[in-house]
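Let's take a walk through this structure together. Keep the sequence and the 3D view open as you read.

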Amino acid sequence: MPHDTKLLLDGLCFPEGPRWHEGKLWFSDMHAKSVVRVGLDGHAERVVEVPACPSGLGWLPDGRLLVVSMQDRRVLRLDPEGLREVADLSKLADFHCNDMVVDAHGRAYVGNFGFDLHAQEKPRTTSLALVLPSGEARIAARELAFPNGCAITVDGRTLIVAESMASRLSAFDIAADGSLANRRVFAQLEGKIPDGICLDEEGAIWMASPFSNECLRVHQGGRISATVRVATQAFACMLGGPDRKTLFICTAEDSDPVKCVASRSGRIEYVQVDVAGAGLP
């Protein structure tokens, strides 16, 4: 199957959690244990090392970076003097933490695997954690099937989360205190595994689908209006660029840590789309 994208950056271990911020694409090169940013010219620089592997990224209202530290299940903050712990989620997350979205108030919603994926454990449901800027953390939603990429609508009132092991996108209302309620299906996508997601101005979700080697533009109810094909697996995507009409896609041949480090097949690819990005991340 031919792919539809151009190459921005290659030679990565496993790029994840892409975010458009201050004119550059930021992402976690997870198994290289680094947060990286790259310009549209392809020039990349390491922002910070995260020894227990970085995943989801976001920013507080004051501009400081939050990053998920996967293997020790923590949310960290990058202060001028270095990384500091915001919250320890080891009592809330059943296995490695993964993606995260940070809202306009600095509240972070953090997913986790729920089970040891690479040891081929039997899948089980888990929770989505809410971390306040103060460091207070609690469970925001339960019984999610591998909560992964998350997005928040422009008005800040709806959270959409990819449930990878249920082949669906689920939506929640966000209360004034950050609590989640009124869970519902945004889209059921049989045969697809939604991973990283982002939102556009028409309320559609761009969704990375690893095993089908593509990104899909999904509308509420499940209609797919666009497909972008890539040569290997697509794990996450982000709308960015000056007009937020560039769809950046994180790809790699595999997600297994050992294979990722050995092959360095990770790439940042991109394609122009018609509808600009909106909301968060």
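First, some ground rules. This is a predicted model, so to speak of local features pLDDT must be at least 70, and side-chain atom pairs count only at pLDDT 80 or more, while totals for chains, interfaces and linings use all residues. Residues are numbered from 1 along each chain as its sequence is written, and side-chain values use heavy atoms, with hydrogens and water left out.

Let's start with the rings. A pair of aromatic rings is described by the distance of the centres and the angle of the planes. Here, rings of Phe, Tyr and Trp (its six-membered ring) pair if their centres lie within 6.5 Å; planes under 30 degrees apart count as stacked, over 60 as edge-to-face and the rest as tilted. Searching the whole structure turns up five aromatic pairs. Take Trp 26 and Trp 59: their ring centres are 5.2 Å apart and their planes sit at 90°, so this pair is edge-to-face. Trp 26 belongs to strand E3 (residues 24-29) and Trp 59 to strand E6 (residues 54-59), so the pair ties together parts that are 33 residues apart in sequence. The strand names come from DSSP runs, numbered from the N terminus: helices (H or I) need at least four residues and strands (E) at least two.

Are these two tryptophans buried or exposed? Buried means under 20% relative accessible area, exposed over 50%, and partly exposed in between (1.4 Å probe, protein chains only). Trp 26 has 6% relative accessibility and therefore counts as buried; Trp 59, at 15%, counts as buried too.

Now look at Phe 95 and Phe 113, an aromatic pair that is tilted, with 6.2 Å from centre to centre and 45° between the planes. Phe 95 lies in the loop between strand E9 (82-88) and strand E10 (97-102), and Phe 113 in the loop between strand E11 (108-112) and strand E12 (126-131), so this pair ties together parts that are 18 residues apart in sequence. Both Phe 95 and Phe 113 are buried. Ring pairs also bring in Phe 146, linking Phe 95, Phe 113 and Phe 146 into a cluster.

Next stop: strand E14 (residues 147-152). E14 is mostly covered, with six of its six residues buried. Two strands pair if DSSP finds at least two bridges between them, and E14 has four bridges to strand E15 (residues 158-163), the two running antiparallel. Within this pairing, Ile 152 stands opposite Leu 159 in E15. E14 and E15 make a hairpin with five residues between them, and in the turn Gly 156 has a positive phi of about 75°.

Five strands form it in the order E21-E20-E19-E18-E25, with antiparallel pairing. Its edge strands are strand E21 (224-229) and E25, each pairing on one side only. Inside the sheet, strand E18 (residues 197-200) and strand E19 (residues 205-209) pair in the antiparallel sense over three bridges, and Cys 198 stands opposite Trp 206 in E19.

A few backbone spots deserve a look. Lys 33 has a positive phi of about 60° although it is not a glycine. You'll find Lys 33 in the loop between E3 and strand E4 (34-38), and at 35% relative accessibility it counts as partly exposed. Cys 53 has a positive phi of about 80°, and it is not a glycine either. Cys 53 sits in the loop between strand E5 (44-49) and E6, and is buried, with a relative accessible area of 3%. Then there's the peptide bond from Leu 280 to Pro 281, which is cis, with omega near 10°; Pro 281 lies in the segment after strand E25 (277-278).

Pro 61 is found in the loop between E6 and strand E7 (65-69), and is exposed at 61% relative accessible area. Leaving out residues up to four places away in sequence, Pro 61 touches Ala 104, His 105 and Gly 106 (contact means heavy atoms within 4.5 Å).

Finally, the cavities. On a 1 Å grid over the protein atoms alone, a cavity is a set of points where a 1.4 Å probe fits but cannot get out, and lining residues have an atom within 4 Å of a point. Grid points are joined across faces, edges and corners, and a volume is the space filled by probe spheres set on the points. The whole structure holds three cavities of 30 Å³ or more, and the largest cavity has a volume of about 50 Å³. Its lining includes Leu 60, Arg 77, Gly 106 and Pro 133.

Terms used:
On a 1 Å grid over the protein atoms alone, a cavity is a set of points where a 1.4 Å probe fits but cannot get out, and a pocket is an open set with protein on both sides within 12 Å along at least five of seven lines; lining residues have an atom within 4 Å of a point.
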